Amino acid sequence: MLAVILLSLSMGTYSYATDSTKKKLEEAKEKKAKSQNELNSTKDNIAEMNEEKSSLQGQLNTLNSQLTEVSNNLEAIEEQIGDKKTEIENTLAELDAAKETEENQYASMKKRVQFIYEKQNFVLVDMLLGATDFAAFLNQNHYIEELSAYDRKMFLQYIETRELIEEKEATLEVERKQLEEYQTQQKAEQSRVAGLVNQTSGSIKQYANDISDAESKAQALEEQIKAQEQDIKNLEAKLAEEMRLSKLAAASTWRDISEVTFAEGDRYLLANLIYCEAGSEPYEGKVAVGAVVINRVLSSVYPDTVVGVIYQNRQFSPVASGRLALALANGKATASCYQAADEAMKGYSNVGNCVYFRTPIPGLSGTNIGGHVFY
C-alpha cells in the first residue's frame, strides 16, 4: 500500500482538488476574464464615443462660428433687400410718372391730330390765301413751319417717353428678380445653418446618452468583476483546504476492501453516479470513477460509506445539480455502469489510490482515461 502511495507521489498525481471545485474555479476565472474583456471593450467604446463627442463638439463650435458669419451675411442680404425694395419703389414712382406723362402726351397729340384732320387744312389755306402781300405770305409760311416743327418735337418726346417706360419696366423686372434671389439666399442660409446645428446638437445629445449608458454598464461590470474576484478567492481558499485534506488522505491509514461492509442500495447509488460522471466515457473510465469513490471509502480522511462519500458536501457536481437524483429516480444506470460499480466494490482500481478526477486542465498531471484525468 505504501509503495502505491509513493508511486502516486512520484508521478505528481496529488494536485489535490475535487473535480467540482476545480471546475468551479476554472469557470469563475473564465467568467472573470470574460467580464474583464467586456469591461475593456466597453471602456474602449466609451473612449471612442468621447472622441466622437469631442469631434462633434468641435464641429458645433465651428458651426457657431459659421452661424455668426452667416448672421452677418444675412444682415448684409437684408440690407441689400431693403435697398432693392427702395430702388423698386423709386422705379415704380418713375414709371408711374412716365406713364402719366405718356397719357398727357398721348391726349395732347390725339387732340392735335384731330385738329389737323378736322380744321388745320382749312386754317392753313385761309392763312395762305388771306395774305395781302408777299411779306405777309412769308410770315404765314414761317408760322406753319414752326407749327409743324412743334408737332414733330411733341411726337419725338412721346416716343422717348415710351422708350423710358419700357426701360423702367425692364429695370423693374430685373430688380424684382434680384429681390427674389436675395430672399431665396436668405431662406437658404437660415435653413442650412439651423439644420446643421440641430443635426450636430442631436448627435452630441445621442452620444452623451450612449456614453452615460456605457459608463453605467462599465460600473456594473466593475462591480461584477469585484464579486467574481471574491468568488475566485473563496474557491481558491476551498481548493487550498481540499489540497490539505488530499495530502492528509495520502498520508493517512487505509482500510482493506475486506473491511468494508456495503449497505443495500450502495451498488444502485454508485452505478448511477458512474452514469452521471462517466456515462459517455469508455468502460475503463467508468471503472476509474467507481474506484475514486471506493478509495475515499477506504481512506480514513473521508466518510467510510458509499452514501457518505457520494453525498459529502460539495464533492460531486451531479449531487449538487440534481442530476444524480434524477438518474436515481429513473434508474438511468446502464449495464456497463453496474459492471464498473461491481469491479470497484470488489477493490479493483485502475487508477491506484487516486481520490479525485476532472476534465484535464493545464498544469494538472495524473492518469488520463477518456476525458478525465485521475489524481
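# Accessible areas here come from the Shrake-Rupley method with a 1.4 Å probe, and for residues only the protein chains shown count as cover. Keep in mind that this is a predicted model: local features need pLDDT of at least 70, side-chain atom pairs count only at pLDDT 80 or more, and totals for chains, interfaces and linings use all residues. Residues are numbered from 1 along each chain as its sequence is written, and side-chain values use heavy atoms, with hydrogens and water left out.

**Overall layout**

- The protein chain has 9 helices and 3 strands, where helices (H or I, at least four residues) and strands (E, at least two) are DSSP runs numbered from the N terminus.
- Going along the sequence, the pattern reads α-α-α-α-α-α-α-α-α-β-β-β.
- Of the 375 residues, 33% count as buried; buried means under 20% relative accessible area, exposed over 50%, and partly exposed in between (1.4 Å probe, protein chains only).
- Take the contacts (heavy atoms within 4.5 Å) with a separation of 6 or more: residues 24 or more positions apart account for 78% of them.

**The tyrosine cluster**

- The structure holds 4 aromatic pairs. For these, rings of Phe, Tyr and Trp (its six-membered ring) pair if their centres lie within 6.5 Å; planes under 30 degrees apart count as stacked, over 60 as edge-to-face and the rest as tilted.
- One of the pairs is Tyr302 with Tyr356: ring centres sit 6.4 Å apart with planes at 75°, so this pair is edge-to-face.
- That pair links distant parts of the chain, 54 residues apart: Tyr302 is in the loop between helix 5 (283-298) and helix 6 (306-310), and Tyr356 is in the loop between helix 9 (335-345) and strand 1 (357-358).
- Tyr356 also pairs with Tyr375, and here the centres are 6.1 Å apart and the planes are at 25°, so the pair is stacked.
- Tyr375 lies in the segment after strand 3 (372-374), so its pairing with Tyr356 ties together parts that are 19 residues apart in sequence.
- Put together, ring pairs link Tyr302, Tyr356 and Tyr375 into a cluster.
- Tyr302 and Tyr356 are both buried; Tyr356 has a relative accessible area of 2%, and Tyr375 is buried with a relative accessible area of 2%.

**Salt bridge**

- Side chains of opposite charge can pair when their charged atoms come close.
- The structure holds 1 salt bridge, meaning a side-chain nitrogen of Lys or Arg within 4 Å of a carboxyl oxygen of Asp or Glu.
- The partners are Asp342 and Arg267, at 2.6 Å from N to O.
- Asp342 is in helix 9 and Arg267 in helix 4 (residues 266-278), so to speak a link between distant parts of the chain, 75 residues apart.- Asp342 is partly exposed, with a relative accessible area of 25%, and Arg267 is partly exposed at 39%.

**Surface patch**

- Phe155, Leu156 and Ile159 make a nonpolar surface patch of about 240 Å². Patches are made of residues with over 30% relative accessible area and no salt bridge: like charges are joined within 9 Å, and nonpolar side chains (Val, Leu, Ile, Met, Phe, Trp, Tyr) within 5 Å.
- Phe155 is found in helix 3 (residues 134-251) and counts as partly exposed, at 40% relative accessibility.

**Backbone**

- Most residues other than glycine have a negative phi, and most peptide bonds are trans.
- Arg314 is not a glycine, yet has a positive phi of about 60°.
- Arg314 sits in the loop between helix 6 and helix 7 (317-321) and counts as exposed, at 52% relative accessibility.

- Leu298, in helix 5, is buried with a relative accessible area of 11%.
- Leaving aside neighbours within four places in sequence, Leu298 is in contact with Thr253, Trp254, Arg255, Asp256, Ile257 and Val260.
- Leu298 and Thr253 are 45 residues apart in sequence and 8.6 Å apart in space, C-alpha to C-alpha.
- Ile204 lies in helix 3 and counts as buried, at 11% relative accessibility.
- Ile204 and Met49 are 155 residues apart along the chain, and their C-alpha atoms are separated by 9.8 Å.
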